[in-house]
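Colleague: I would like a close look at a single part of this model. Please take the strands first, then the charged contacts.

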Amino acid sequence: MLFITIFLFLIEIDNAVSSGIIKGVDGVKNEITTSENNRTDTLLLEVFTSQYINYYAPKSGSVNLAWKIDNFPLEESVLWNENTKITDGLLYTPMEAHGDTFKVNLRVPVGSNLQYYFWTTKNKDGAYQEFWDLRSSGNITVKGVTTISKDAVYSKVEKKKESYILSKGWLIFFLSSGVYMLLYWIKKKRFNVIESTSVIEKVLFLGLSLAIIQAFARAEIIGVNPKSIIYDFGVIVKIIRGSFSDFLYVTVFVLLFIIAILLTKNTKTRKLIYWIFLFFALLSTLIAYTNITTVIYLGKPFTYQWLYYSGFLGSLDAKLALRENLSVSIVVNLIAYSLTLLIVASILHRVYQFVYLQKYVKYITFSLLGLALAALFIQAYRFEETWTQGQSENAITAMIYSTIKANSNSSFYSSKIPANIPPFNPIQSSVIKEPFPVLKNDQVKNVLFIVLESAGAVYFDGYGATYKLSPNLNRYANQALMFDQMYAHAPATNRSLVSILGSIYPYLSYKSLTQEAPEVEHPTLSSVLKTEGYRTSFFSSSDLRFQNCMQFLAHHGFDTIEDFSTIKCAKEFQLESGNYNEGNGIDDMCLADRLESWIDEDTTKNFFSMIWTVQGHYPYFFANEEEDFGVSNYNFNRYLNCLKHNDELIGKVMQVLEEKGLASTTLVVVTGDHGEAFGQHKQYGHGTALYEENLKVPLYFINPTLFRGERKSDIAGMKDLATTTLSLLGINPPLKWQGRDLLNTHSNEAFFFAPWSDYLFGYRKDYMKYIFNESQNTVEIYDLCADPNERINLFHDGMKDEIVNVRTRMAAWVQFQDKFVKEMLKEED
C-alpha cells in the first residue's frame with residue numbers, strides 16, 4: 001500500500017498544475033473539490049465585491065460559468081447570486097450573451113479564492129454541445145472590482161462522463177515507472193544476485209497487481225476518494241470491502257491458470273499459458289476502468305441484456321456512448337493503466353525479492369504483512385456497505401452471469417402453480433354495475449393518439465406536480481376523462497408500442513417482439529381500423545429504425561409511416577463533436593404540421609393517426625430559451641422544458657382539430673410511453689427499475705361531446721388503450737387481445753417487467769406494490785397510499801405467506817404470457 005500512498009500524494013501535486021488540460025466535467029468536479037466541512041474561520045469575510053467575467057466565444061450559443069469559492073459551503077455560496085444552481089459539487093451561473101461575448105457579474109467575498117470554468121451547452125446554430133473550455137479557466141484571489149476577459153479555446157471536447165481516476169492513467173504510469181526505476185537502481189547497487197523468475201511467480205505477482213489495479217478503479221465507483229488514504233487509512237477498509245467481488249474474480253482467475261501450468265510439463269506450453277494469462281489480465285484491466293463510466297450511466301456493470309437492448313451496440317444511443325468512452329484521452333489512459341499493471345507487478349516482485357534475501361527480516365516482514373492483511377480483511381468484512389450491489393459487482397463476472405442467464409428463465413417461469421389456482425385471465429376485471437357516465441355520440445369516428453416520450457405522470461400538473469408544465473392539458477381537462485393510475489407494463493418504448501397497438505402484455509424476455517418478429521401476425525388497433533375503412537398514419541420525431549419499429553409498423557396496418565428522416569422540419573437536432581453523423585430527432589412541434597397536412601390529403605374517410613414525440617428522451621433536445629423550474633439538475637430542468645413544449649404540441653394539435661371542425665368527431669388519447677427518473681431512487685433514465693417514476697404515465701381521453709372532466713381511479717395499463725378505443729367506436733375487439741374496456745370495467749391490479757439490468761418483476765394490488773429482483777433475490781414492498789414516493793420498504797421475514805401468494809399470482813401471469821407469445825411466434829415461424 002506504501003507505493004499507492006506515494007502515488008496519491010503526488011496526484012495532489014499534479015492537480016495544482018493541471019488546470020491547462022482539457023478533461024471531462026467529472027474530472028473538473030473532483031479536481032476542485034475542497035473540504036467544505038472544515039471551513040477556516042479566518043476566511044469568514046463580510047466584504048463583498050463585483051467580479052466581472054467576459055468570455056469571447058463566437059462559436060457558442062449558450063454558456064454557463066461553473067465556479068466555486070474555496071472554503072465556503074455551496075449552500076451558502078449559491079445565495080450570493082441570482083439564477084445560480086448547485087449541481088454535483090459546482091455552482092452554475094448562466095452568462096448573458098452580448099453578440100459573441102458572454103458576460104456575468106459575480107458577487108463574491110473580497111480575499112476569497114475563486115475557481116471558474118466555462119461550459120458551452122449549445123453552439124451558435126442551437127445544436128447541443130458538452131464543451132468544457134478548461135484552457136480558458138482560471139483560479140484567482142478576489143481583490144476588488146475587476147474584470148476578467150477570456151477568449152474561448154475551441155479544441156476537441158472530452159466528454160463529461162469520463163471518470164477522474166481514468167483521466168489520471170498517464171500520471172499513474174509515470175509515477176509507477178519512477179518507482180520501478182528507483183528499485184532497479186537499488187537492485188544494481190545492493191542486490192547483484194537475484195534468482196530468475198518462474199512462470200508461476202510471474203502469474204502470482206501479475207495477479208496481485210491486477211487485484212490492486214481493480215481495487216483502485218473500484219474506489220471511484222463506490223464513491224471513495226483514493227486520495228483520502230493519505231490522511232485516513234480507514235479508507236483502505238472501505239475499498240477492500242467494495243472490491244470483494246474483484247478479489248474473488250482475480251483469485252479464481254489466477255488459480256485456474258496456475259493449475260493449468262502445474263498440469264503442464266512442457267516449457268513452451270507453460271510460456272504460452274502465461275501469455276494467455278497476460279492477455280486476459282490486460283483485458284480485465286481495460287474492462288475495470290471502462291466499467292467506471294458504465295456504472296455512472298447504468299448504476300451497474302454492462303450486461304448481455306443491455307447489449308441486446310442497444311442493438312449489439314448498433315443503435316445511435318449505443319454509438320454515442322461508445323464514442324464518449326473512446327476519445328483519444330481515454331484510450332491513452334487505458335493503455336497507461338494496462339502498462340501500469342505490468343510495472344506494478346514488477347515492483348511487487350522486486351520488493352518481494354529484496355525482502356526474501358534478508359535471512360531473518362523476511363520472516364518477521366511476511367508475518368506482520370500477513371497479520372495486517374488478515375486484520376484489514378476481517379475489518380472490511382464487518383464494514384457495512386453504503387453502496388449498491390451494482391456498484392461493487394465485478395464487470396466481467398456480471399457479463400458472464402448475465403450471458404448464462406440470458407436464455408434461462410427466473411423461477412416465475414418454472415414454479416409450480418397450485419391446482420386450486422384458476423388459469424390466468426389477462427382481462428380479469430369486475431364489470432361496473434353503473435357504467436362510467438360517457439355521453440354517447442355516434443359522430444365520434446376519428447382517433448388520434450399522442451404518445452409523449454418518457455413522460456412521467458409525477459411531473460404533470462394534473463397529477464399533483466407543481467412545475468406548471470401543462471396549461472393546454474389543463475385547459476382541455478373539462479373535455480377529458482383522466483386516469484389517475486395509468487402504467488406502462490415495461491419501461492421501454494418498443495414494449496409500450498406493442499402493448500398500445502396490440503392490446504397485449506409485453507414479451508417477458510430481454511428480447512423484443514419488434515426486433516425478433518416485426519412481421520408477426522397479430523391484430524393491432526391500426527390494422528383493425530384499416531379493415532374498417534380508416535386512413536392510418538404514424539408520425540414520429542425520432543428514429544424508427546430502432547429495434548425494427550419501422551418494419552413492425554409497416555406490417556400492422558399503417559398506410560403512412562414517417563420519422564425524423566422524412567418529416568420536413570426546420571429544427572433538426574444534432575449533437576456536435578462527431579457523436580452523430582446525422583440528426584437523430586426533430587422538433588416535436590413539426591409533428592402537428594405533418595399531421596395537419598396528412599389530414600388535408602383526404603377528408604372523405606375517417607382517420608386513425610398516432611404521433612410519437614422524442615424530445616423527452618435523453619439528451620432532452622430543446623431549441624428555445626429554457627425556463628428555470630428551480631431544480632438543481634440541468635438535465636432535469638431541460639427535461640421539464642421538453643414536457644412543457646410537448647404540452648404546446650398538444651395545444652397546437654387541438655387547435656388544428658378545432659379549426660377543421662374535427663374536435664367533436666375525434667377521440668384524442670394523450671399518454672406517455674413510460675416515465676423518466678432523475679435520482680429519486682439513485683437511478684436516472686427509465687429502463688433500470690420499476691418504481692413509479694419509471695412506469696406511471698398520464699392518460700387523457702379528450703372529446704368535448706363524450707367527457708366533462710371526469711376522473712377514474714382504478715388501475716389501467718397500456719394494453720387497455722386499444723380495447724377501450726374500439727369500445728367507444730362501437731367495434732368489437734379481436735379475441736386475441738388482452739385489454740379491458742376501461743370505461744365499463746374496474747381493475748385493482750397491474751403487472752410489470754424489466755429485464756435490462758436485473759430481471760425485475762413487479763405487481764400492484766390495490767395500493768400495495770411488490771418488486772421482485774430475481775437476479776439478486778430481493779423483495780421490495782411499498783404502500784403507495786401512505787408512501788407514494790416508495791421510500792419505505794415494508795418487506796420483512798414475517799411476510800412469508802403474503803409473498804407466497806403474490807409470487808403465485810405473478811407466476812400465473814408470467815407463465816401465461818410466456819406461452820402466449822411463444823405460440824404467437826410459433827405461428828409466425
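In what order do the 4 strands of the open sheet run, and is the pairing parallel or antiparallel?

Modeller: A caution first: this is a predicted model. The order is β25-β26-β27-β28. The sheet is open, and its pairing is antiparallel. Two strands sit at the edges: β25, residues 749–754, and β28, residues 778–783. Each of these edge strands pairs on one side only. From one strand to the next, the twist averages 15 degrees.

Strand β26 covers residues 760–765, and strand β27 covers residues 768–773. They pair in the antiparallel sense over 6 bridges. For a landmark, find Leu760: Asn773 in β27 stands opposite. As a general point, strands of a sheet pair through backbone hydrogen bonds, either parallel or antiparallel.

Next, the charged contacts. The count comes to 23 salt bridges. One of them joins Arg711 and Asp484, with the closest N and O atoms 2.7 Å apart. Arg711 lies in strand β23 (residues 710–717) and Asp484 in strand β12 (residues 480–487), so this contact ties together parts that are 227 residues apart in sequence. The two partners have their own surroundings. Arg711 is partly exposed, at a relative accessible area of 41%. Asp484 is buried, at 19%. That value counts as buried because the cut-off is under 20%.

Another salt bridge links Glu601 with Arg535. Here the closest N and O atoms are 3.9 Å apart. The pair still counts because the limit is within 4 Å. Glu601 belongs to helix α22 (residues 589–601) and Arg535 to strand β13 (residues 535–540), so helix and strand are tied together across 66 residues of sequence. Glu601 is exposed, with a relative accessible area of 52%. Arg535 is buried, at 10% relative accessibility.

Asp543 and Arg545 form a further salt bridge. Their closest N and O atoms are 2.6 Å apart. Asp543 counts as buried at 14% relative accessibility, whereas Arg545 is exposed, with a relative accessible area of 53%.

Finally, look for shared partners. Salt bridges of that kind join Arg535, Glu562, Arg594 and Glu601 into one network. Buried Arg535 and exposed Glu601 are both among its members.

How values were computed
Residues are numbered from 1 along each chain as its sequence is written. This is a predicted model: local features need pLDDT of at least 70, side-chain atom pairs count only at pLDDT 80 or more; totals for chains, interfaces and linings use all residues. Side-chain values use heavy atoms; hydrogens and water are left out. A salt bridge is a side-chain nitrogen of Lys or Arg within 4 Å of a carboxyl oxygen of Asp or Glu. Buried means under 20% relative accessible area, exposed over 50%, partly exposed in between (1.4 Å probe, protein chains only). Two strands pair if DSSP finds at least two bridges between them. Axes are lines fitted to C-alpha atoms, for helices over the stretch in contact, and angles run from 0 to 180 degrees between N-to-C directions.
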